[in-house]
Amino acid sequence: MALCIEGHETAATDYCDFCGAPMGAPFGGAAPQLAVCPSCGAPSEGRFCENCGHDSALPAPPPAPPVRAEPATTGGESGAVENGAAALVWVATISADRAHYARMQAQKGPDLERVDFPAYYPDRRIPLQGPNILIGKRSVSQGVHPDIDLSVAPADIAVSRSHAILHIDGGTLTVTDLGSTNGTCLNDSPQPIPPKTPVPLQAGDRIHVGGWTTITVTTEPG
């Protein structure tokens, strides 16, 4: 018979038959170093963990399989943009822009002498539902029904009926001027973009149409 570190007689050579203490040192010797339970990580000095009851004589539990995050699906034609695990939606904010109004007045283009800056024009937010979003002014007689309707009072009379179009393709947003009378400009530039030519946009870009209208495109969680 051997003695465990607690002084009990035991026939086992690994753990005491009486108290479960490890047989790593003779009776009266130095105390063994405190072990850690392989199951819960709590300090454990006997065979059975006092925290979770794990039997340290058994094989250690296998590691948990890694968790794989599922990537977000792109919204594509619905207006969503892939961004890691979250889907973002394009949003257009329409506002009256006095700086754009001043630039257009300086150019003295068609209809601009009759354009007045509105006294009150609250911002409008429109979530974009693709793939194609028409910018213009509604005309029942011509069958024009823009997704971004700038005929809402006070209307910008320098905006064409079918002025420009936004196109969503996956995470990409473009703007195309449709041959409007006063053109379409970007980001405070006085130079209009080429007509009938798609121009890529980024979140925060500003689209200037008509005599004072600015459309800012941004993204937000869907």
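How many residues lie between E10 and E11 in their hairpin, and which residue in the turn has a positive phi? The hairpin has 2 residues between its strands, and Gly-170 in the turn has a positive phi of about 65°. The model examined here is predicted, so local features need pLDDT of at least 70 and side-chain atom pairs count only at pLDDT 80 or more, while totals for chains, interfaces and linings use all residues. Residues are numbered from 1 along each chain as its sequence is written, and side-chain values use heavy atoms, with hydrogens and water left out.

The protein contains 1 helix and 15 strands; helices (H or I, at least four residues) and strands (E, at least two) are DSSP runs, numbered from the N terminus. Of its 222 residues, 38% count as buried, where buried means under 20% relative accessible area, exposed over 50%, and partly exposed in between (1.4 Å probe, protein chains only). Among contacts with a separation of 6 or more, 46% come from residues 24 or more positions apart; a contact means heavy atoms within 4.5 Å.

An open sheet is formed by 5 strands in the order E9-E8-E10-E11-E13, with mixed pairing. Its edge strands are E9 (148-149) and E13, each of which pairs on one side only. Two strands pair if DSSP finds at least two bridges between them. Strand E8 (residues 132-136) runs parallel to E9, with 2 bridges joining them, and Ile-135 stands opposite Ile-148 in E9. Strand E10 (residues 162-169) pairs with E11 in the antiparallel sense over 6 bridges. E11 is also joined to strand E13 (residues 199-201), again antiparallel, by 3 bridges. Strand E11 (residues 172-177) is largely enclosed by the rest of the structure, because 5 of its 6 residues are buried.

Now to the helix. In H1, His-100, Tyr-101, Arg-103 and Met-104 are buried. Seen down the axis of H1, the buried residues fall within an arc of 165°, so they line one face of the helix; the arc is that of the directions from the helix axis to the C-beta atoms. These buried residues pack against E14 and E15, whereas the face turned away from them carries the exposed residues Arg-98 and Ala-106.

A search of the whole structure finds 3 aromatic pairs, with rings of Phe, Tyr and Trp (its six-membered ring) pairing if their centres lie within 6.5 Å; planes under 30 degrees apart count as stacked, over 60 as edge-to-face and the rest as tilted. The rings of Tyr-101 and Phe-117 have centres 5.5 Å apart and planes at 55°, so this pair is tilted. Phe-117 and Trp-212 form an edge-to-face pair, with 6.4 Å from centre to centre and 70° between the planes. Phe-117 lies in the loop between H1 and E7 and Trp-212 in the loop between E14 (206-209) and E15 (213-221), so the pair ties together parts 95 residues apart in sequence. Tyr-101 is buried at 16% relative accessible area, and Trp-212 is buried at 2%. Tyr-101, Phe-117, Tyr-121 and Trp-212 form one aromatic cluster.
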